[in-house]
Amino acid sequence: MVSMIFNDPSSAAAFHRLSFTRFSNGLVSLRRFVGPLHVFSNTPTLPRALSLHAPRSSRFITASMAAEPSAKVIDGKSVAKQIREEISAEVTKLKEAIGVVPGLAVILVGDRKDSATYVRNKKKACESVGINSFEVNLPDDASEQEVLKYISDFNGDPSVHGILVQLPLPSHMNEQNILNAVTIEKDVDGFHPLNIGHLAMRGREPLFVPCTPKGCIELLHRYGVDIKGKRAVVIGRSNIVGMPAALLLQREDATVTIVHSRTKNPEEITRQADIIISAVGQPNMVRGSWIKPGAVIIDVGINPVEDATSPRGYRLVGDVCYDEACKIAAAVTPVPGGVGPMTIAMLLSNTVSSAKRAYNFN
Ligand code: NAP
């Protein structure tokens, strides 16, 4: 078993520590030890609206029955770039109008190289759009009280509009206590139970929505995908992706089904979906036969698989078998270059929204 560390593909507070797992079919995958994780709005310069109507022959179609690839590629990388440009313009506007520069504080405990890299990337992303970043580095043996003290200071600091605790925390710390200590007004990860609770309730508005699911919905919006009244299947029910993604789709008036590891007939259920969001962590699990012709697919999964032809010895694939999906779906996100780049863009967006809210600036 080889242990490898990958980029923080997900988001601000997310980290992914991966190690290879060998399957009986000879495929080698990397299994993740996931910590929590972590997203914005509209100006579709992108493709025209996608039709979600399936051809008559939709039932039981298989990849081999389909012909040439025809799906549109949902280009998360270029959408994220566009969003960053919009954020940068907003930051300038905020500064010029009221002299406020949005600030994001990141607390890093311990000396994990992967975590340090993620924090560095977030700092760079902040700099690229003009957001101030504040970084606290504590040693591995720091106490929970010390971390709570920094959170408390940042909670009260008017120059900080978002607080992010890089995960994982050392095992002697209670992650829940620490994440709950972040005031909901600065919870740019959107993981605070109150923010999630408001997301789940009709008539309530969360202050922040978790970044990765928010990025998924943003992609659907920017590609003009009609969500209202559509059947959506979310595969995966984690607190950080699957569950909030399902809540967001429901808020957009989709009829939502969640598929998880105990679902008895995932293929049959998924095949009914006009929109699929997959956040599982299993390479190529969603085959062509799972997909209704004309469906739109957002693949959140990031799964390294061994690849001797790659200089790194591995490559990243999604949960969805991309080649098969391309022949059946109307549109699909690639991995990499789909949901991944959206997550950090949404973190920046949440930070700017927080600063605007703090000063009642529209
Ligand atoms: P997670 O916490 O491990 O949750 C995985 C979910 O998938 C669970 O709900 C699990 O069901 C379900 N599942 C596992 N095996 C399944 C199967 N065979 N059939 C159906 N459902 C199954 O993972 P996560 O944090 O949500 O992340 C999921 C994937 O998204 C990973 O590949 C991760 O790297 C990626 N990710 C990407 C981004 C990004 O920015 N692109 C951000 C976050 C995560 P149970 O609940 O029943 O166990």
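**The open sheet and its helix**

Modeller: Helix H2, spanning residues 113-129, lies across strands E5, E6 and E7, and its direction is at about 170 degrees to that of E5. The model described here is a predicted one. The three strands named above make up an open sheet, in which they are arranged in the order E6-E5-E7 and pair in parallel fashion. At the edges of this sheet stand strand E6, residues 132-138, and strand E7, residues 162-165, each of which pairs on one side only. Neighbouring strands of the sheet are turned against each other by 15 degrees on average, with direction ignored. In general, the strands of a sheet are joined through backbone hydrogen bonds, and their pairing may be parallel or antiparallel.

For Ala 105, the bridge partner in E7 is Ile 163.

As to confidence, the chain has a mean pLDDT of 84, with 81% of its residues at 70 or more. The highest confidence in the chain belongs to strand E8 (residues 231-235), with a mean of 99, and the lowest to strand E1 (residues 3-5), with a mean of 30. Two stretches have pLDDT under 50 throughout. Over residues 1-49, where pLDDT stays under 50, the model has 184 contacts beyond four places in sequence. Over residues 51-66, where pLDDT likewise stays under 50, the model has 33 such contacts.

Technical notes
Residues numbered from 1 in each chain as written. Predicted model: local features only at pLDDT ≥ 70, side-chain atom pairs only at ≥ 80, totals over all residues. Heavy atoms only, no water. Pairing = 2+ DSSP bridges. Helix = DSSP H or I, 4+ residues; strand = E, 2+ residues; numbered from the N terminus. Axes fitted to C-alpha atoms, helices over the stretch in contact; angles between N-to-C directions. Contact = heavy atoms within 4.5 Å. pLDDT = per-residue confidence, 0-100.
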